[in-house]
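Let's take a friendly tour of this protein, with its aromatic rings as our guide.

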Amino acid sequence: MKQQETPLVTIVTPSFNQGQFIEETILSVKTQDYPAIEYLVIDGGSTDNTLDILEKHRNDFWWVSEPDQGQSDAINKGWARASGDILAFLNSDDTLMPGGVKAAVQFLIAHPEVDIVYGDINYIDEHSRVIQRYQAPAFDFARLLTEGCYIPQQSVFIRKAVFEKVGGLDVNLYTSMDYDYWLQCVLAGCVMAYTPQTIGTWRFHSLAKVLAAARSRHEADHFTILDKCFNHPHLPGEMRPLKAKAYSRVYLDFGFNYYNARQTAKARQYFLKAIWMYPAWLKERPRMVPFIVKSFLGTRFLIFASSVKNHRWGRKAETDR
């Protein structure tokens with residue numbers, strides 16, 4: 001890249017007690033082949049080995065450790081301090097892929113009309129092994145509104161003008177603040193676009209915030225996000241009829257969460273709300289119908305059916321000897 005084609009990129013890592021993973025996060029930024037990166041780590045007062053790791057790399061980037069209001073507050077503080085023309089945030093248990101920053105910057109340079117770019121990611125486990133590749137779809141606001149957040153935050157880069165226009169992330173949200181932010185950016189007139197490049201990774205592990213979050217709090221955040229969106233004065237008129245589908249999708253998603261947790265009574269309640277609000281789910285997602293039926297049959301039936309199945313397979317195995 002020529003000098004005029006290397007805008008400064010500021011990457012902010014919000015950190016709290018992720019000493020097990022944060023050094024890998026740091027190294028994934030340090031080893032990027034893009035020459036103009038400002039890296040900031042905003043730690044919320046970690047009590048594990050995080051500060052030792054940050055001190056080890058003290059000559060490589062700026063960091064601070066102090067109490068804050070959580071993840072969104074840390075990101076906002078970092079972005080407010082940023083000198084870069086392009087911004088991103090990378091959680092302290094996720095990483096960037098080699099060449100990820102350069103790919104995002106090149107896209108934004110080639111498409112000056114685009115304010116926010118996102119790409120693909122890899123899902124990884126706690127040992128950094130790739131579990132699956134996630135290929136994101138092209139941007140579609142109606143889909144984002146009704147199907148949830150399909151934009152992988154670990155791949156997102158935004159122009160600083162977006163932050164100056166929209167402001168920071170909502171500090172009142174415990175989860176899904178990135179989903180809320182993308183919606184608010186679009187409602188503010190920002191242009192989002194997809195590039196078919198694998199830019200980052202999302203780590204799944206037992207201590208992950210989303211996995212550890214109380215289900216009720218996670219659920220409440222999703223409804224808060226939709227309330228903000230559908231009450232927004234700049235929501236396009238053609239999006240308003242999608243309200244029932246959007247809200248019912250939250251009930252449907254959490255119905256599956258409860259089903260997987262073997263809370264069939266709760267799952268049944270949420271499935272009923274989802275179908276009552278948007279009956280077309282039965283046609284649009286036919287593969288969910290057996291799960292809904294099983295939730296109505298209840299846990300005792302599922303245990304009975306499983307025991308019958310195992311008994312039959314056991315008898316078959318005996319006859320095969």
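## Aromatic pairs

How many aromatic pairs does a search of the whole structure find? The search gives 19 aromatic pairs, in what is a predicted model.

One of them joins Tyr 251 and Tyr 270 in an edge-to-face arrangement, with 5.6 Å from centre to centre and 65° between the planes. This pair links distant parts of the chain: Tyr 251 belongs to helix H10 (residues 243–260), while Tyr 270 belongs to helix H11 (residues 264–277), 19 residues apart. Both Tyr 251 and Tyr 270 are buried.

Helix H10 also takes part in a second pair, between Phe 256 and Phe 291. Here the ring centres are 5.8 Å apart and the planes meet at 75°, so this pair is edge-to-face too. Because Phe 256 sits in helix H10 and Phe 291 in helix H13 (residues 289–319), the pair ties together parts that are 35 residues apart in sequence. Is Phe 291 buried, exposed or in between? Phe 291 is partly exposed, since its relative accessible area of 34% falls between the 20% and 50% limits.

Tyr 251 and Tyr 270 return as members of one aromatic cluster, together with Phe 223, Phe 230, Tyr 247 and Tyr 258.

Which charged residue lies over the face of Tyr 270? That residue is Lys 273, at 5.5 Å from the ring centre. Elsewhere, Arg 143 lies over the face of Tyr 150, also at 5.5 Å from the ring centre.

## Nonpolar cores

Now for the nonpolar cores. The largest one has 62 residues, and Trp 79 and Tyr 181 touch the most other members. Trp 79 and Tyr 181 are also in contact with each other.

Another core lies apart from the largest one. It holds 26 residues, including Tyr 39, Leu 90, Leu 108 and Ile 199.

## Confidence

How far does the predictor's confidence reach? The mean pLDDT of the protein is 89, and 88% of its residues reach 70 or more.

Two stretches deserve a careful look. Over residues 301–306 the pLDDT is below 50, and this stretch has two contacts in the model beyond near neighbours in sequence. Residues 308–321 also have a pLDDT below 50, and here the contacts beyond near neighbours in sequence number zero.

Technical notes. Residues numbered from 1 in each chain as written. Predicted model: local features only at pLDDT ≥ 70, side-chain atom pairs only at ≥ 80, totals over all residues. Heavy atoms only, no water. Phe/Tyr/Trp six-rings, centres within 6.5 Å; stacked < 30°, edge-to-face > 60°. Helix = DSSP H or I, 4+ residues; strand = E, 2+ residues; numbered from the N terminus. Buried < 20%, exposed > 50% of the residue type's maximum accessible area, 1.4 Å probe, protein only. Lys NZ or Arg CZ within 6 Å of the ring centre and 35° of its normal. pLDDT = per-residue confidence, 0-100. Contact = heavy atoms within 4.5 Å. Core = buried A, V, L, I, M, F, W, Y, C linked by side-chain atoms within 4.5 Å. Lists of a residue's contacts leave out its neighbours within four places in sequence.
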